[in-house]
Amino acid sequence: MPTLDKIYHAAYQLEDVARKTDLILAPNIHCDNEIYLKTENLQVTGSFKVRGAYYKISQLSEEEKSKGIIACSAGNHAQGVALAAQKYGVPCLICMPDGAPISKVEATRQYGAEICLVKDTYDDAYNKALELQKETGMTFIHPFDDEDVIAGQGTIGLEILNQLKDVECVVVPIGGGGLISGVASAIKSLRPSIRIVGVQAENAASMFTSINQKEITELAGVNTFADGIAVKKPGVHTFDIVSKYVDDVVTVSDDEIATAILTLMEKQKIVAEGAGAVSVAAAMFNKLGISGKKVVCVVSGGNIDVNILNRVITRGLVMSGRRHTITVALVDKPGQLTQVSDIVAKCGGNVISVSYDNSDPNMAVNSCFLRLVLETRDRQQVEQIRQEVMNAGFKLVKDRIHKFSN
């Protein structure tokens, strides 16, 4: 486990490299607590990962640097390692899963790293990196299960304590566990009364499962758009630290993560990637087990692929009741669409898409399904519209909502 002295040393080493990111009050994040955001999404390279990667490389011997550096990453650690290697003039090879966002791959390449794309998940990229390390003798920089890497991430904990003296709870995303291990080590060493909560995506809950089973557990697979925390197995060191210092580990769904991303963009003007938004999702959906407390949510990264952002926003709109689909079974005759549209308008909603389906062989020849996609205020307004449509004599059938696709 990293000592407090090592974390302070990391802070000293990072003074001219990593930003001391702002801690901002987020009054528009409505939940049972007073929320503050630690904006690591505005960090150099767009993620906290540069802290641990740079500190680790700064502690390498000249012999270790001369062999070159190899690492594995879904994207954010890759950029941190590549930036640090560039600053030290060290050759760098990064193994990345082939499903990593193109934006993260290209950003890593722009820092001068050589990229090796590996089929499937982060864990497959990790195994490939170990294989290449044995072949080449390059120095491996682990993304989370390393004392120096953890110490670098722990500098976030020191900053939080300096920025909010009366903080009562800190909420941290968990993938492999390096970030929360560093933050928890720093905070619990100085202020053990502060509650630390870790958050994972429910379809990539390796640390959550391991903590509950009291032993390191490897998942058969992971499935979440929060690629930065899609890790099948936590680290040995990180599992021990989380077991010792973290008060609770909770999970959030991809729908809840999408809602948090949308809320951060719309209400706080902050762009977060899926992994970075899980802490806010946990707070918004009251997963923390506390109320009325001053809570810091670490927004760990903002490197979201623009190609997925539109789908995430759409899913967030659906989850928050801002977009809703109704399907009406009716007789196919003039005036029907006008009647339904008038009801929606009178309730204050807006029709943004209309489609007909009269091809179902089980319906009458003169019948059809009218599908309307609505822009709405909230779930209460959705229910009002549905009720008014039924009161007018129309029959609603099961809404056909397109599920979010990873």
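Cut-offs before anything else: buried means under 20% relative accessible area, exposed over 50%, and partly exposed in between, with a 1.4 Å probe and protein chains only. This is a predicted model, so to speak of local features I need pLDDT of at least 70, side-chain atom pairs count only at pLDDT 80 or more, and totals for chains, interfaces and linings use all residues. Numbering runs from 1 along each chain as its sequence is written, and side-chain values use heavy atoms, with hydrogens and water left out.

**Entry: Thr45.** Is Thr45 buried or exposed? Thr45 counts as buried because its relative accessibility is 10%. I found Thr45 in the loop between strand E2 (34-39) and helix H2 (49-58); helices (H or I, at least four residues) and strands (E, at least two) are DSSP runs, numbered from the N terminus. Leaving aside neighbours within four places in sequence, Thr45 is in contact (heavy atoms within 4.5 Å) with Val50, Gln79, Leu83, Tyr111 and Asn303.

**Entry: cores.** A nonpolar core here is a set of buried Ala, Val, Leu, Ile, Met, Phe, Trp, Tyr and Cys residues joined through side-chain atoms within 4.5 Å. The largest one has 39 residues, and Leu37, Ile257 and Val280 have the most contacts inside it. Elements that each supply at least two residues of this core include E2, strand E7 (169-173) and strand E10 (294-299). Helix H12 gives the most to this core, with 8 residues. I also looked up Ile257: not counting residues up to four places away in sequence, Ile257 touches, among others, Thr224, Phe225, Val252 and Ala281.

**Entry: largest pocket.** On a 1 Å grid over the protein atoms alone, a pocket is an open set of points where a 1.4 Å probe fits, with protein on both sides within 12 Å along at least five of seven lines; lining residues have an atom within 4 Å of a point. I get about 570 Å³ for the largest pocket, volume being the space filled by probe spheres set on the points, which are joined across faces, edges and corners. Its lining has 25 residues, with Gly99, Ala100, Thr224, Phe225 and Asp227 nearest the centre. H13 gives the most to this lining, with 3 residues.

**Entry: second largest pocket.** Its volume is about 310 Å³. Of its 13 lining residues, Thr259, Thr263, Lys267, Met284 and Ser320 are the closest to its centre. Helix H11 (residues 254-268) gives the most to this lining, with 5 residues.
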